[in-house]
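Here is a short briefing to read alongside the sequence and the 3D view.

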Amino acid sequence: MGLLSGARVVVTGGAGNVGSHVVDAALAAGAREVIAVDALVRGVPENLDHALATGRARLVEIDIRDREAVMATLRGCDVLFHQAALRWTRCQEAPRECQEVMVEGTFNVLEAAAEANVRRVVMASSAVVYGEPVRLPLDEDHPLSGTTVYGAAKVANEQMGRAIAKLRDLPVVSLRYFNVYGPRMDVRSRFVEVMVRWLNAIDEGKPLTLFGDGSASADFVYVDDVARANVLACDAAATDAIVNVCSGVETRMRDLAALLLELTGSDVGVRYEPQPPGALPQRRYGDPRRAADVLGFRAETELREGVRRLIQWRRQALATADALQT
Ligand SMILES: NC(=O)c1ccc[n+]([C@@H]2O[C@H](COP(=O)([O-])OP(=O)(O)OC[C@H]3O[C@@H](n4cnc5c(N)ncnc54)[C@H](O)[C@@H]3O)[C@@H](O)[C@H]2O)c1
């Protein structure tokens, strides 16, 4: 029987995209109680509708910078999934806020987990820690040469996770997610990810903007797969591990644009613009082998199927929001 069966679980960032899917996955794995901790700076309570309806989940609106509140919430907890974080653009705009939320907030969470003697901590890290690739695919031993404030905070989180794991005999697994996509992505805020930005452009009848020759690439991993990797990380034999969560598939941005146009039946086409400075690495995709060895994880959802589900969910989510406004 898995660690989650009958467990009391806390998911920080639990109203966010990945966090809310982790809440659902923990409930499906038999958790007795799941507490979604979120300050609702980006996540929304609707993401938890399904989970709250089970009667075994609740949303606790606290900020992870509040040490006492974090300590009190984690008391009696068996498993912790730490997903709360700011978006990378927000970290660039406000580095001190990033330090306070992502570095000090994460320390509060790890300290409280150690005090509560939790049986497993699973933390969200990011492929951003690698920076510009010196080799591909990106394996976990690749140099950490990222230059963003967000990436620096994630490296600090991983290292503190390791240190606390050793100091307090606390099993900690950090998962370096690549580009997560799927239902419950943020479709409302000022900054949205590329797929949502392009779906918005399609709705507005505008062409999709590609930079350079559109050959830049990314590794897209479907959100349900990411949630499943979190559950597998609970029961992995490894107690101090850092693992990529990726599909291992390199997708060129021009191919992604073509897929979105095809699946929406749109004829808005694409427009090429010069590559802006400071953009993401030109090519990026991960090595999924350690995740297979350590977690028994392999991404299962093909990009075409995942994008189809995202399009369907987004249509419904926007229709519901419109209906509520009228
Ligand atoms: N989405 C991706 O492509 C991606 C890629 C790599 C890593 N990650 C990491 O995965 C995790 C989940 O990302 P996501 O895409 O679900 O993002 P998200 O923004 O949807 O979720 C993060 C949640 O954290 C909450 N939060 C922010 N500050 C908080 C605070 N001070 N206290 C409590 N809650 C706070 C937000 O309200 C939000 O609901 C994050 O740690 C993120 O850095 C995401």
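Predicted model: local features only at pLDDT ≥ 70, side-chain atom pairs only at ≥ 80, totals over all residues.

- Pro137 itself is found in the loop between strand 5 and helix 6.

**Around the ligand**

- The ligand has 28 residues around it, and those that come nearest are Val18, Asp38, Gln83, Tyr150 and Lys154.
- Sorted by class, this shell holds 16 nonpolar, eight polar and four charged residues.
- Lys154 also places a polar side-chain atom 2.8 Å from an oxygen atom of the ligand.
- The backbone takes part as well: a polar backbone atom of Val180 is 3.0 Å from an oxygen atom of the ligand.
- On its own the ligand would expose 820 Å², and the protein buries 92% of that area.
- Two or more residues of the shell come from each of helix 1 (17-28), strand 5 (120-126), helix 6 (149-168) and strand 7 (179-181).
- Which element gives the most to the shell around the ligand? Strand 5 does, with three residues.
- For a ligand nitrogen atom, look at Ile64, where a backbone N or O atom lies 3.0 Å away.

**Helix 3 and helix 5**

- Two packed helices are described by the angle between their axes and by the distance between those axes.
- For helix 3 (residues 67-74) and helix 5 (residues 95-115), the axes come within 9 Å and cross at roughly 35°.
- The crossing of helix 3 with helix 5 is right-handed.
- Helix 3 brings Arg67, Val70, Met71 and Leu74 to the contact, while helix 5 brings Asn108, Val109, Glu111, Ala112, Ala113 and Glu115.
- By class, the residues of this contact are six nonpolar, one polar and three charged.

Key: Residues numbered from 1 in each chain as written. Heavy atoms only, no water. Near = heavy atom within 4 Å. Polar contact = N/O pair within 3.5 Å; in protein donor to acceptor, adjacent residues only side chain to side chain. Areas by Shrake-Rupley, 256 points an atom, 1.4 Å probe, with all protein chains shown as cover. Helix = DSSP H or I, 4+ residues; strand = E, 2+ residues; numbered from the N terminus. Nonpolar A, V, L, I, M, F, W, Y, C, P; charged D, E, K, R; others polar. Axes fitted to C-alpha atoms, helices over the stretch in contact; angles between N-to-C directions. Left-handed = near helix turned anticlockwise from the far one by under 90°. Contact = heavy atoms within 4.5 Å.
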